[in-house]
Amino acid sequence: MAKKLWSMLLIIAMLMSAFAMTSVAEGSDLSGTITIGMQARPGTEIAWKEVIKAYNAIHPNVNVVLDLKPAEGYAEWISTVTHSENPQVDIAEFDWGDYTSAKMIDWADYLDMDSPYSDGTWAEQFDESGVLSGISGNLEKVSFFSTQVMWMYNKEIFEKVGVEAPKTWDELVAVCEKLYAAGYQPIAIDGNYESYASMGMSWLAQIYNDQVSRSLINVIRAQEGDFCYDPDIDGVWEYNPEDPWNDDVTKVTQNLVRIVKALYEGETWRMDTPGLKTVWSNFAKVFPKYAGGEAWFATDTEASGNAFYQGKAAMMVNGGWEIVNYMRTMEEFKATGYIENENGEKVEGNVFTLGTFPMPTMEGEGIEAKVRTIEVPTIGMMALSKSQEHNDLVADFMMFYSSKEGMSIYVTSMLENGGSVDGPSYVFGVEYPENVAAAFENVEYIGNAQKGYLNVFAKGVPLIDESGREFYNDCYEYFMGKITIDEMLARSQANLEKYLPFLMQGLGISEQDIQNPANAPVGY
Amino acid sequence: MKRNSIRFIAAVLSLILAIACVFLGMYFEDQAALVSDTGIITGGRNRAITADEETNTIYVATHDGTLQAFRDDQAIWSAAPASGPYCRLYLSKDRSKLFAANEGQKVFIFNTSDGSMLLEIPVGRNVIDIAVNADESRIAVATNTGRNKSNLLIYSSLDGEQIANNAFKNTVLRGVEYGKDDMLFTANKKGEITHMTPEGENVKTYKANYDVVKTLMKGESLWVLTVDGVYHVLDSNLELTRKGRANNEINAYIHSLGVDNQSEYVFVGTEQGYVFILNGDDQHVYTEDFKTQITDTFAMDEGIYFTGLSDFVKVFHPDRIENYKLLSNLNLISKIAVGLFALAFVVFMILAIPAARKNTAKIFKAIWKYKMAYILLLPTFVILFLFSYRGIFMGLTRAFTNWSSRDYYLADIEFIWFDNFKAIIDNGYFLIGIKNLAMIIVFSIIKTLTVPLAVAWLIWAMTGDKRKYIHRFLVVLPIVIPGVVNIMIWERIYDPTVGLINNLFEVMGLQSWQRVWLGDSNIAMWAVIFVGFPFMAALPMLVYYGALSNIGSDVVESASIDGAGRWKTFWLIQLPLLKPQIGLLITLTFIGSMQDFYTIYLLTMGGPGKSTYVPALELFFNVSKFGNYGYASAMGIVLMVCTLVPVLIGQAISRRKEGLE
């Protein structure tokens with residue numbers, strides 16, 4: 001009897017769910033195929049499948065094809081896709097290749113539309129200031145996860161040596177001295193070529209460049225009459241260096257032509273200012289001595305991480321993603337006493353307690369504001385523009401993915417399947433599992449230094465590899481004591497002057513355009 | 001003698017005919033040209049044009065804020081410069097006024113007789129398009145602001161008073177047009193073409209489904225061009241009457257639209273400068289690349305006038321299409337005739353001169369005799385030329401140009417003569433590389449001359465063929481491991497944390513000897529040279545072994561009988577006999593060292609700093625990372641010369657020595 005009853009209940013439950021699906025299917029008028037070509041990262045395949053499953057429950061006629069690609073060769077693949085005539089892929093990380101804005105869906109078209117997956121507009125589903133990036137009004141990229149560059153330290157070593165987390169750069173130098181005297185390598189940070197291009201040293205260069213160039217926003221912001229001037233935003237904006245979020249792209253528009261003009265003319269924006277002299281003099285008090293000596297120049301991220309986890313180094317500069325990595329490493333250390341690196345080699349280490357502190361602020365000549373850090377969205381999502389109908393479909397899927405429901409499904413599934421998060425999600429209402437949330441609890445948000453083009457010139461002319469190489473070599477010779485600070489800064493300015501025209505050519509900005517920064521550049 | 005004179009006359013006749021065909025070809029080419037230049041020069045980057053057919057006056061407005069009127073290619077007036085770029089011109093029906101939309105947030109009305117400004121309307125927003133109604137009393141202005149806000153404003157053309165201001169959210173306008181009975185049409189980024197009231201209410205919408213790039217009113221028809229290259233022709237009721245597509249296989253960005261006065265030929269311009277002309281049957285009749293963004297068009301008389309973000313105004317002549325093929329073919333035939341007559345001239349001249357005739361006959365006879373050999377060799381040489389020599393010749397010529405990823409297309413490439421070679425000297429990387437390369441060459445030669453020779457001799461000296469075979473096999477076996485894998489193994493050996501060398505020192509209690517082998521500029525180059533220890537290269541060993549085996553046991557036995565020990569036998573008998581093999585291996589090692597960069601690329605990428613750069617690595621970076629192809633070609637030439645000269649000198653010396661011996 002009981003069996004019969006259970007069977008009946010089961011059948012009723014199945015029928016109800018089937019009816020529910022039918023009613024949703026009848027209610028949905030969306031159909032078509034969306035192809036996702038994001039990079040495959042740990043846990044993301046299952047996470048995407050769960051999101052697609054939930055989306056298909058609402059829109060069963062939409063075929064979402066999951067075609068994740070490995071990181072190896074992704075840049076080449078994305079470039080090929082971008083230049084092919086009828087690419088299948090829709091959503092991908094096109095910023096890995098040389099994409100053109102004109103070929104991408106402009107998310108700005110949809111941001112203020114009502115979202116079917118929340119009570120408000122799409123833009124109201126997330127923290128706009130974090131998600132949106134771009135200048136001159138281009139919004140082809142959205143990212144829903146944040147990360148922050150921060151300092152991490154081994155609490156046991158700090159207690160043993162009797163030092164505390166520094167708040168200023170001078171305090172950092174003092175802490176390094178004590179740690180060094182106690183036989184520790186004070187700082188673990190990569191110092192090889194890649195570090196100056198896109199990792200550790202490039203972060204520090206940009207972060208501290210920001211401290212001495214905050215007022216540049218007054219020069220490069222869109223002014224009345226500019227092609228990208230938005231009276232609702234730029235008309236009410238006021239410069240306030242006390243507010244670390246004052247120059248967010250949602251609060252003030254940067255005019256790319258004014259940026260290039262300022263750099264080209266070299267009157268308001270230079271690489272050999274007293275402020276930058278303060279910054280690089282401060283760097284030399286720490287590097288390379290406290291980061292491994294001359295060996296630092298061959299230290300990559302793996303080697304610096306090893307030094308930190310092996311207890312040889314007391315502090316490490318890294319991104320927020322390292323917090324979840326630390327949790328997993330400690331679990332491994334507890335279980336086996338070692339972790340295996342990418343090559344399958346054992347790296348032994350001891351369990352320790354992780355502490356974090358924000359960027360120590362610099363003081364001295366030319367400092368305009370308190371230090372900020374790189375607090376940026378990670379994993380930019382872009383989509384190829386096709387027909388309007390198709391674009392609307394892709395935008396609908398993006399709205400679902402970036403809703404509280406969609407993002408919660410994605411995050412939960414990803415973390416359960418070995419994935420990692422780099423920091424809190426920008427999507428409102430998304431909660432992480434308790435242990436992950438606790439790990440990010442003490443992370444202090446101090447504002448983003450990396451906005452538009454504001455600080456990227458601190459590491460050479462962006463997108464021009466030769467300029468980056470010269471910047472690395474000048475830094476190397478400066479830190480090795482082969483050239484003085486003045487020579488190093490003079491070379492940085494010369495580097496800018498030499499390679500800026502290459503960037504202008506790539507950006508489609510001509511000398512004529514510079515003469516009329518209010519006009520949209522045409523590059524001829 | 002008489003025959004020679006006839007041949008000479010035939011040669012002269014051929015030359016005259018060839019010259020005549022050149023002129024004929026030029027005539028046909030000119031007549032076949034579908035596009036001609038008006039000769040108008042504005043001195044700026046042109047954005048908008050319109051024209052007065054009756055007075056034959058052409059008005060051109062530029063991105064730089066200038067507006068000029070031209071008659072017979074001569075400027076008749078210039079308006080006062082505006083602060084922003086012009087984007088649209090509209091000539092009043094009585095041809096007395098010129099309405100001009102300016103991206104500097106203004107609309108102007110000019111007097112066409114002298115260019116004086118009649119009215120300035122400040123709009124306060126970015127103007128993207130304007131339209132003027134039938135009685136020209138109203139100007140509709142489309143503007144965009146911020147990321148997705150737009151306005152459709154209507155002004156009085158009499159006093160500039162604002163009559164209506166319709167604000168739209170989530171809409172980016174692309175164009176505005178006035179149609180029949182003052183019907184107002186707007187087009188937007190979503191591909192919607194809407195008939196709306198002056199108050200901004202939608203009456204009817206046509207969905208083009210792609211971003212609209214241009215709108216054009218032709219009679220009562222509204223022409224709309226979308227980003228996918230499709231043009232839609234709509235009647236006043238927004239019903240589709242005609243549709244076609246520019247076949248944009250080159251993926252250019254569609255930008256501008258034009259149509260001739262008969263509404264037959266459609267002109268589609270692109271941002272890259274390509275122009276596609278389609279006929280009434282939607283067939284492509286003409287495609288041309290003008291290398292600069294095509295910004296605006298205007299139909300006048302029999303032609304479509306067009307301009308671009310450069311200083312030109314050209315005319316496309318649809319009336320020439322009919323004879324275009326015939327004239328093009330005649331042009332081609334003229335060119336072929338020029339070639340044939342030129343050939344005839346050469347042949348007759350050779351025949352007319354006895355000495356030349358004799359020598360030429362001799363050459364052709366020889367070729368004919370061995371015709372089969374030449375025929376069989378031909379494919380090899382063709383392939384060799386296509387895949388090897390062509391690249392070399394291209395490199396030789398491109399080394400003197402600015403060829404790069406930024407100036408990639410032939411149109412952008414310019415001769416900069418010796419600038420690339422000068423840059424090699426100015427750029428420190430190549431010269432530092434030469435110093436490192438010298439070290440590598442010296443040590444590579446030492447490595448080739450020592451260990452493989454010693455091992456070859458030891459195996460040769462063994463007794464028993466089986467034993468010899470096993471040892472030879474074991475020594476040669478590692479050759480199957482790819483070189484890249486070998487280098488990556490060494491990278492792990494040098495690893496400061498988990499590497500074999502540092503761990504060995506730790507076990508031995510020699511922590512002070514531990515180093516970051518590839519990260520210390522003082523030792524990085526030595527670490528690179530040490531890769532491959534104990535330097536047992538299989539190929540040199542086999543060469544030495546083969547040579548030692550060929551010397552013959554009788555020579556060695558004779559030396560032994562004469563009382564020479566193993567060392568003396570090797571030093572005085574075997575080593576001198578190995579000279580040809582040693583010479584060959586030195587040459588191969590030298591060439592290999594000059595070309596090798598992947599060891600350094602995989603281990604240090606040239607760092608730390610510039611300490612391990614070699615010229616080939618700098619060449620590789622300039623090709624693969626920096627896109628400086630011309631500069632890399634120049635480096636290739638320098639490297640080729642540096643490789644070729646020592647090798648040729650070495651060969652000459654050895655030949656001379658052989659001769660002396």
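The model is predicted: local features require pLDDT of at least 70 and side-chain atom pairs pLDDT 80 or more, whereas totals for chains, interfaces and linings use all residues. Residues are numbered from 1 along each chain as its sequence is written, chains are lettered from A and ligands numbered from 1 in the order in which they are written, and side-chain values use heavy atoms, without hydrogens and water.

**Sheet in chain B**

- Four strands of chain B form an open sheet in the order S10-S11-S12-S13, with antiparallel pairing (strands are DSSP E runs of at least two residues, helices H or I runs of at least four, both numbered from the N terminus; two strands pair if DSSP finds at least two bridges between them).
- The edge strands are S10 (126-132) and S13 of chain B, each of which pairs on one side only.
- Strand S11 (residues 138-145) of chain B pairs with S12(B) over eight bridges in the antiparallel sense, and B:Val141 has B:Leu153 in S12(B) as its bridge partner.
- Strands S12 (residues 149-156) and S13 (residues 162-169) of chain B are antiparallel over seven bridges, with B:Gln162 in S13(B) as the bridge partner of B:Tyr155.
- S12(B) and S13(B) form a hairpin with five residues between them, and B:Gly160 in the turn has a positive phi of about 75°.

- In helix H5 (residues 419-426) of chain B, B:Asn420, B:Phe421 and B:Ile424 are buried (buried is under 20% relative accessible area, exposed over 50%, partly exposed in between, with a 1.4 Å probe and protein chains only).
- On the other side of H5(B), B:Lys422, B:Ile425 and B:Asp426 are exposed.
- B:Leu234 lies in strand S20 (residues 230-234) of chain B and is buried, with a relative accessible area of 0%.
- B:Leu234 and B:Glu220 are 14 residues apart in sequence and 8.8 Å apart in space, C-alpha to C-alpha.

**Ring interactions**

- A search of the whole structure finds 82 aromatic pairs over all chains (rings of Phe, Tyr and Trp, the last by its six-membered ring, pair if their centres lie within 6.5 Å; planes under 30 degrees apart count as stacked, over 60 as edge-to-face and the rest as tilted).
- The rings of A:Tyr196 and A:Phe471 are edge-to-face, with centres 6.0 Å apart and planes at 65°.
- A:Tyr196 is in helix H8 (residues 193-197) and A:Phe471 in helix H18 (residues 465-479) of chain A, so the pair ties together parts that are 275 residues apart in sequence.
- Both A:Tyr196 and A:Phe471 are buried.
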